[in-house]
Amino acid sequence: MFAKMYDWIDERLNITPIWRDIADYEVPAHVNPANKMSAFVYCFGGLTFLIIVTQILSGMFLALYYVPDIVNAYKSVDYITNEVLLGNIVRGMHFWGASLVIIMMFLHMLRVFFTGSYKAPRELNWVVGVLIFLVVMAFGFTGYLLPWDQKAYWATAVGTNIAGSVPIIGPYIRTLLVGGDTLGALTLTRFFAIHVFFLPAFLLVLLAAHFYMIRKQGISGPL
Amino acid sequence: MREDGVRPTKDRGLTRRQFLTYALGGTGAFMAASILAPLVTFSLDPLRRTSGSRFVEIGHVNDFNEDFPKLVNFKVNRTDGWNQGEATMTAWVIRKGGDILAMSPRCTHLGCQVAGSVDAAGNPVPSADGEWWFHCPCHGGRFTKYGINDPTRPPQRPLDVYEVKVENGKVLLGSIHQRTV
Ligand code: HEM
Ligand code: FES
């Protein structure tokens, strides 16, 4: 039945070439761990992406119970952790995944650095990579405040004060981050909105550019 | 068997290509399932929560009569996610034979609040509409004083009733049920 449905759509839209183009793309020998185990370092980019996808999924599900409000944020997180079925697992996925993304991204960056893959003509993809890096760090910073517990609160107090120490424009940056001059309800709603709406939008656009460039330029050659 | 030693596709149980497709598909499906299984379970949590029925005292049997339903407001404890609070419930209570009948004011059509026939002070009075004592403001549903619906109007079943317990003359109400008659 699915084969028939597929054929029906394919006859009209000719979708086979779209996925064939990806499925038939040959993995170059020097990046295939089946040939040489050490080529697993080329998997780090893909692994980073896998964890990003898991973060997006677990985040979507956490949002079913989370409330970005100073009265309820802590209570809703506590409810997720202690009451909801598998709540501690799903929260754990998002919590540990947050660190794992950064670790994987760093390993990926080291691979690109030590294989010299950032050199011409791939400089622009390194630049996009640095932007991705900044967005991922921003995910970590804004997400850390959301449970609204002591650790969250004081980490953000410190972080926003560091932002405030930038010469000349620092105080303005701090005010805009905090949404006023004291950390409170407006900080939480801002960080929430940035974490779940703004950053994912930036990240997806940057990743699309990242992958497009890899496909267009091909992976860098063997050392 | 052909001369070149390659068997035609039909004879081969499983081709190399098929085997690899299944192996890759299976691995991918397993990975996707191990991510999605806890997430989906997590979203189904509300299914295992019940509203729980605790009985609340609303008055004495003698507070109610056989003539007209009387409106009672009472409070129940309600857990709403991480919030604990009181919710106000409403029942129309009438005596029928020796029994207490406590009806929910939720219209059985689409859930508006039905109005009883009461005077300006809120005291029950005979209906201006014959036997039809409850009227729904939304789509003209109407019910007798025992909550029996007029089948020619939108609501197609009688008003729902509270579970009733009488202990030493005290009336206690539990959770709301559809009538089975
Ligand atoms: C969310 C974070 C990121 C994801 C999901 C990601 C994903 C990928 C993937 C799948 C590849 C293909 C090759 C491989 O897997 O090694 C790749 C290549 C590349 N990445 Fe990333 N990346 C990320 C962050 C970064 C960062 C932070 C940098 C550098 C600052 C960077 C620079 C590059 C460059 C220059 C290439 C091309 C390498 C080549 O052609 O050999 N990426 N990326
Ligand atoms: S909701 Fe009462 S008649 Fe429609």
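Contact, on this tour, means heavy atoms within 4.5 Å. The model is predicted, so local features need pLDDT of at least 70 and side-chain atom pairs count only at pLDDT 80 or more, while totals for chains, interfaces and linings use all residues. Residues are numbered from 1 along each chain as its sequence is written, chains are lettered from A and ligands numbered from 1 in the order in which they are written, and side-chain values use heavy atoms, with hydrogens and water left out.

**Stop 1**

Select Thr160(A), which lies in helix α7 (residues 150-164) of chain A. Helices here are DSSP runs of H or I with at least four residues, strands are runs of E with at least two, and both are numbered from the N terminus. Is Thr160(A) buried or exposed? Thr160(A) is buried, at a relative accessible area of 0%. (Buried is under 20% relative accessible area, exposed over 50%, and partly exposed in between, with a 1.4 Å probe and protein chains only.) Now show the residues around Thr160(A): leaving aside neighbours within four places in sequence, Phe141(A), Arg174(A), Leu177(A), Val178(A), Leu183(A) and Phe191(A) are in contact with it.

Besides Thr160(A), the buried residues of α7(A) include Ala152(A), Thr156(A), Ala157(A) and Gly159(A). What covers the buried residues of α7(A) includes α6 (123-145), α8 (170-178) and α9 (185-217) of chain A.

**Stop 2: α6 against α9**

Keep two of those covering helices on screen. α6(A) and α9(A) pack at an angle of about 160°, their axes 9 Å apart. That makes α6(A) roughly antiparallel to α9(A). Axes are lines fitted to C-alpha atoms, for helices over the stretch in contact, and angles run from 0 to 180 degrees between N-to-C directions. Angles under 35 degrees count as roughly parallel, over 145 as roughly antiparallel, 65 to 115 as roughly perpendicular, and the rest as oblique.

The crossing of α6(A) and α9(A) is left-handed: the near helix is turned anticlockwise from the far one by less than a right angle, whereas clockwise would be right-handed. Colour by residue class, and the contact of α6(A) with α9(A) has 22 nonpolar, 7 polar and no charged residues. (Ala, Val, Leu, Ile, Met, Phe, Trp, Tyr, Cys and Pro count as nonpolar, Asp, Glu, Lys and Arg as charged, and the others, Gly among them, as polar.)

**Stop 3: α3 against α5**

Next, select helix α3 (residues 44-62) and helix α5 (residues 87-114) of chain A, whose axes come within 9 Å and cross at roughly 155°. That makes α3(A) roughly antiparallel to α5(A). α3(A) passes α5(A) in a left-handed crossing. Residues making the contact include Phe44(A), Leu47(A) and Ile51(A) of α3(A), and Met93(A), His94(A) and Leu100(A) of α5(A). By class, the contact of α3(A) with α5(A) has 13 nonpolar, 9 polar and 1 charged residues.

**Stop 4: backbone details**

Most residues other than glycine have a negative phi, and most peptide bonds are trans. With that in mind, visit some loops.

- Leu86(A) sits in the loop between α4 (73-82) and α5 of chain A. Its phi is near 60°, and at 33% relative accessibility Leu86(A) counts as partly exposed.
- Pro121(A) is in the loop between α5 and α6 of chain A. The peptide bond from Ala120(A) to Pro121(A) is cis, with omega near 5°.
- Ile168(A) is found in the loop between α7 and α8 of chain A. Ile168(A) has a positive phi of about 65° and is exposed, with a relative accessible area of 77%.

**Stop 5: Pro158 in chain B**

Pro158(B) is buried, with a relative accessible area of 18%. Among the residues it touches are Thr108(B), Phe143(B) and Arg179(B).

**Last stop: all of chain A**

Zoom out. How many helices are there in chain A? Chain A has 9 helices and 0 strands. Its C-alpha atoms fill a box of roughly 55 × 50 × 35 Å along the principal axes, and 35% of its 223 residues count as buried.
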